[in-house]
Amino acid sequence: MHKIEADVQISLLEENRKYAGENREFLREHGVVSFNLMGATGSGKTMLIEKTADKIGEKYRIGAILGDVAGDDDFKRVKKHGVKAKMVNTGKECHLDAHFIHHAIEDFADVDVLFMENVGNLVCPVDFDLGEDYRIVMVSVTEGDDVIRKHPEIFRLADAIIINKISLADAVECDVDTMIRDAKRLNARAPIIKMDLKKEIGIEEWIEWFVDAVERAKKLKGV
Amino acid sequence: MSFAQSLIDNVVRIAEEKGAKKVSKVVVEIGKLLMLNPEQLKFCYEVVSKGTIAENSELELIEVKPIIKCSICGKEYDTPFAICDCGGVLTVEGGKDAVIKKIEMEI
Ligand SMILES: Nc1nc2c(ncn2[C@@H]2O[C@H](COP(=O)(O)OP(=O)(O)OP(=O)(O)O)[C@@H](O)[C@H]2O)c(=O)[nH]1
Ligand SMILES: [Mg+2]
Ligand SMILES: [Zn+2]
Ligand SMILES: [Zn+2]
C-alpha cells in the first residue's frame with residue numbers, strides 16, 4: 001500500500017454551468033425571455049406572476065416553471081390566469097438548479113416570457129444560474145427591514161428588486177427607506193420597486209420595467 | 001447537499017480511475033461569495049461519503065477571496081457593494097466557484 005496524490009481542477013459548479021448554457025441556448029433559439037424569480041417565502045412571487053399575466057397576458061404568452069419543495073398550490077393559481085405552467089418538485093433541495101429547469105424547459109418553446117419561480121429562500125438560489133436573462137429578487141416588509149442587509153449577495157446580483165406589501169409597513173414597524181438604502185448600497189443598477197400587490201401599488205412601474213426588459217432581451221435574441 | 005454530492009461523485013470517480021483503495025484527503029477551494037456554508041459542506045460530505053472509498057477521509061476547505069476594486073481610484077475592499085466613496089463602480093472578480101484541487105489516496 002502506498003500513497004499517491006492527484007492534482008486536479010474540477011469545479012463543483014461545472015455541471016450546473018453546462019445545463020444553464022444549454023437552457024440559455026434553447027431559450028435564445030425559441031425567442032423566449034426568461035426571469036429567475038427569487039425571494040423570501042411568501043413574499044408574493046406567485047402573485048406577481050398572476051398580476052403580470054392579468055396586465056400583459058394579451059401582449060405576451062406567459063409561461064411559468066414553479067419550483068417548490070412540495071404541493072401544487074402555485075401551479076393551480078397561475079393556471080387560472082392563463083399562464084402555461086409546470087411544477088418542479090425540488091424535493092430536499094432548497095433551490096432550483098439548471099438541471100431541474102433543463103427537464104422542464106422543452107414545454108415552453110412557444111411562450112414569449114418564462115418565469116422560473118425559485119424556492120422561497122434568499123440564500124442558495126443565488127449560487128445557481130438557471131440560464132435566465134434577468135434575476136428578480138422579491139421581499140416583503142414582513143421579513144423585517146434588515147432583510148436586505150442580511151442577504152447582500154442575492155441583492156447585489158439582482159436586475160430588479162421588489163419590496164412588496166408596503167401598505168403593511170407601519171403595522172409591522174418596518175422602515176422601507178432603510179431597505180431602499182441597503183439595496184442601493186449593494187446594487188446601483190437595479191430598479192427598486194415599492195409594491196403592494198393587494199392594493200395595486202407599484203404594478204405600473206413594474207410592468208414598465210418588465211416590458212422594457214422583455215423588448216431589450218428580444219432584440220438581443222434577434223426576435 | 002448538491003455540492004456535497006457532486007464533490008463525492010467526482011472524488012470517487014477520480015480515485016477509481018487511479019485504482020485507489022481508499023481516499024484519505026480531499027482539498028477544495030471555496031469562493032467566499034458562494035452561499036455554500038463550509039461547515040455544512042463538511043457535514044454533508046461526511047454523510048454522503050459513508051459507504052464509499054472516501055469514507056472517513058479528511059476534507060480540507062480553502063477559502064478564496066474575491067478581488068473587489070474600484071474601477072476609478074483602484075481602492076480595494078473586503079466585501080462587495082455597489083459604489084466606492086469616490087463615486088466609482090466597484091468590480092468584483094472571483095470568489096464564486098468551488099473547485100476540487102487535490103485528492104490524496106492509498107493504492
Ligand atoms: N397584504 C398583502 N398580502 C400580499 C401581498 N402580496 C401577496 N400577498 C399575500 O401573501 C401570501 C403569499 O403570496 P404568494 O404570492 O403565494 O407568495 P410566494 O412568494 O409565491 O410564496 P411561496 O411560493 O410560498 O414562497 C398570499 O396570501 C398573498 O395573498 C401584498 O402586497 N399585500
Ligand atoms: Mg409561490
Ligand atoms: Zn438550496
Ligand atoms: Zn474609488
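This passage walks through how chain A and chain B meet, how ligand 1 is held in its surroundings, and where some salt bridges lie.

The model is predicted, so local features need pLDDT of at least 70 and side-chain atom pairs count only at pLDDT 80 or more, while totals for chains, interfaces and linings use all residues. Residues are numbered from 1 along each chain as its sequence is written, chains are lettered from A and ligands numbered from 1 in the order in which they are written, and side-chain values use heavy atoms, with hydrogens and water left out.

The meeting of the two chains comes first. Contact (heavy atoms within 4.5 Å) involves 30 residues of chain A and 32 residues of chain B. The size of an interface is often given as the accessible area lost when the parts come together. Here the buried area (accessible area, 1.4 Å probe, that two parts lose on being put together, summed over both) is about 2800 Å², with 60% given by carbon and sulfur atoms. On the chain B side, the greatest losses to chain A are those of B:Phe3, B:Met35 and B:Ile107, together 21% of what that side buries.

Polar links also join the chains. There are 15 residue pairs in polar contact between chain B and chain A, both at pLDDT 80 or more; a polar contact is a pair of N or O atoms within 3.5 Å, where within protein one must be able to donate a hydrogen and the other to accept it, and residues adjacent in sequence count only if both atoms are side-chain atoms. The side of chain B that touches chain A draws at least two residues from each of α1 (2-17), β1 (22-31) and β6 (98-106), these being DSSP runs numbered from the N terminus (helices H or I, at least four residues; strands E, at least two). The largest share, nine residues, belongs to β6(B). Strand β1 (residues 3-11) of chain A runs antiparallel to β6(B), joined by seven bridges (strands pair if DSSP finds at least two bridges between them). One such pairing is A:Ile4 with B:Met105.

A:Glu153 forms one with B:Lys96, the closest N and O atoms being 2.6 Å apart. Within chain A, A:Glu14 and A:Arg17 form another, at 3.4 Å; because they are three residues apart in helix α1 (residues 14-29) of chain A, about one helical turn separates them.

Finally, a polar side-chain atom of A:Thr46 lies 2.8 Å from an oxygen atom of ligand 1.

How values were computed
Salt bridge = Lys/Arg side-chain N within 4 Å of Asp/Glu carboxyl O. Near = heavy atom within 4 Å.
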